[in-house]
Amino acid sequence: MESFQKSILLPLILTALLPGLAFCYSITKGPSNATVLAGSEARFNCTVSAGWKVLIWLSKGSPVLTVTSSQGSVETTDRFTSRNYTSGDEFTSELIIHNTQLSDTGRIECSIQQPSENNFAFLFVQVNGSLLIKNSTLTVKENQTVEIVCEALGWAPAPDISWMTNDSVIDKSSYVNQQSPGSNGLHNALSTLTLTPTDSEVLTCLADIEALPSPQNASVTLIFDNSAAENEYSEDNRSTWVIVVAVVLSFLGIVLLIVVIVVAVRCCLKRRGSNYQNEIRKVSAEKKKDGDLDDRQRSGSENLGYIPEELWNTEQSPRLVSLPPKVSKISGPVDNLHISSVPKVRPQRRTDYPISPKKIRNVTLV
Ligand SMILES: *[C@@H]1O[C@H](CO)[C@@H](O)[C@H](O)[C@H]1NC(C)=O
Ligand SMILES: *[C@@H]1O[C@H](CO)[C@@H](O)[C@H](O)[C@H]1NC(C)=O
Ligand SMILES: *[C@@H]1O[C@H](CO)[C@@H](O)[C@H](O)[C@H]1NC(C)=O
Ligand SMILES: *[C@@H]1O[C@H](CO)[C@@H](O)[C@H](O)[C@H]1NC(C)=O
Ligand SMILES: *[C@@H]1O[C@H](CO)[C@@H](O)[C@H](O)[C@H]1NC(C)=O
Ligand SMILES: *[C@@H]1O[C@H](CO)[C@@H](O)[C@H](O)[C@H]1NC(C)=O
Ligand SMILES: *[C@@H]1O[C@H](CO)[C@@H](O)[C@H](O)[C@H]1NC(C)=O
Ligand SMILES: *[C@@H]1O[C@H](CO)[C@@H](O)[C@H](O)[C@H]1NC(C)=O
């Protein structure tokens, strides 16, 4: 009885278990996140255990490709194709998305029409935009701080921009990055590098996004203008020249000033000497004149000394005592008017005066 029951139960259990075992297939390895450049391919693997019947690929929730264990893959568009690999009793379906677009970015799902975990991943489509340094060539002088602008246009996402000089990385503190939205969901970025070069160098702006195998780069050759130092040197020479010229000119100026002063002093001395001599001459002349004047004055005084003559006249006047005093007084001034001719006149007078008294005397005699 017991063995009969066991013989009945075992097949029942087996028949009960077999369907469960038959449907107990699953995704052993789901797809992985993928980041690709727009225009390139994107591939996703989905590995399922034996017993699978159907495998459906969905992009952003929409079925794009179906693979059945019996009929293989059913491709409806050229953009979505698949390959398959078999390893043991595991089957791997590889989805290939051709010519990826930015709009393909999203969830990629592998469905076996059974509840399963780890059956989805994400596709990231990125856009490799343009990159340029706006300054084509730079000539920088010593101590000159320059700003070099690197511009990234039409990227998705906005790239990380970094800088290199020759082969060494420039510290992030030397540049500032800005991002701005562009058209069609793309992004622009601007990096401004500020530096004070001390040598000629090749500056490279690097723009990186995950999908790029290596960062896109743009370079500019910065020429350190040594002529600035030469100019400085020449300026030094100029300054020394200026100093030399200034010293020489000032020396010459002093010499010239001394010469001028000496000449002026000599001239003054000559003039003074001439003036002195002239003045001496004048003085002597004046002295002579003065002497003449003195002589004249003396003669004048001597003329005054005529008073004795007048006195002499007056001495004669006592002879004219009989004449009215007014007449002698009037004749006195008249005589003074003819001082110069006094000596000539006087004898006449002398003759006149004695005559009239004689006449008077004659009259009296008559
Ligand atoms: C895949 O991408 C999603 C979304 O960014 C992220 O959450 C997840 O951790 C990524 N998976 C792996 C394995 O990196
Ligand atoms: C998918 O799996 C196959 C076989 O292991 C491998 O050659 C291929 O590179 C895988 N593809 C991806 C996208 O991982
Ligand atoms: C696997 O790929 C081969 C050709 O590469 C194809 O003939 C076959 O149908 C595929 N199998 C499945 C299950 O898709
Ligand atoms: C990215 O774009 C630049 C400029 O168009 C190009 O030189 C470079 O080859 C591109 N990189 C890739 C990986 O396509
Ligand atoms: C540059 O700066 C240094 C230090 O301040 C100074 O010695 C030098 O003269 C400067 N050079 C020029 C060309 O200005
Ligand atoms: C480099 O180009 C940017 C943008 O054209 C400009 O603002 C900047 O002054 C330039 N720098 C030099 C050193 O010429
Ligand atoms: C960069 O390289 C150039 C030659 O390519 C060299 O003349 C210059 O000195 C280098 N500059 C620096 C900062 O190393
Ligand atoms: C710049 O890119 C070119 C190819 O586009 C590459 O050969 C070169 O090594 C890159 N330079 C740097 C500094 O990354």
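Reader: How many nonpolar, polar and charged residues does the shell around ligand 2 have?

Author: For classes, Ala, Val, Leu, Ile, Met, Phe, Trp, Tyr, Cys and Pro count as nonpolar, Asp, Glu, Lys and Arg as charged, and the others, Gly among them, as polar. In this predicted model, the shell around ligand 2 has 2 nonpolar, 2 polar and 2 charged residues. They are Arg43, Phe44, Asn45, Tyr85, Thr92 and Glu94, where a residue is near a molecule if its C-beta atom, placed from the backbone, lies within 6 Å of it.

Reader: Which elements give two or more residues to that shell?

Author: Strands here are DSSP runs (E, at least two residues), numbered from the N terminus. Strand S3 (42–48) and strand S8 (90–97) give two or more residues each, and S3 gives the most, with 3 residues.

Reader: How should I read a sheet, and what is the order of the strands in the open sheet of 6 strands?

Author: Strands of a sheet pair through backbone hydrogen bonds, either parallel or antiparallel. Two strands are taken to pair if DSSP finds at least two bridges between them. The open sheet here has the order S2-S10-S9-S4-S5-S6, with mixed pairing, and its edge strands, S2 (34–37) and S6 (72–75), each pair on one side only.

Reader: How many bridges join S2 to S10?

Author: There are 4 bridges between S2 and strand S10 (residues 120–126), and the two strands run parallel; one bridge partner pair is Thr35 with Phe124 in S10.

Reader: Where does Asn118 lie, and is Asn118 buried, partly exposed or exposed?

Author: A residue is buried if 20 or more other C-beta atoms lie within 10 Å of its own, exposed if 12 or fewer, and partly exposed in between, with C-beta atoms placed from the backbone. Asn118 is found in the loop between strand S9 (106–111) and S10, has a positive phi near 55° without being a glycine, and is partly exposed because 14 other C-beta atoms lie within 10 Å. Asn143, in the loop between strand S12 (137–141) and S13, is also not a glycine and has a positive phi of about 65°; with 10 C-beta neighbours inside 10 Å, Asn143 counts as exposed.

Reader: Which peptide bond is cis, with omega near -10°?

Author: The cis bond runs from Ala156 to Pro157, and Pro157 lies in the loop between strand S13 (146–155) and strand S14 (160–165).

Reader: How are residues, chains and ligands labelled, and which pLDDT values does this predicted model need?

Author: Residues are numbered from 1 along each chain as its sequence is written, while chains are lettered from A and ligands numbered from 1 in the order in which they are written. Local features need pLDDT of at least 70 and side-chain atom pairs count only at pLDDT 80 or more, whereas totals for chains, interfaces and linings use all residues.
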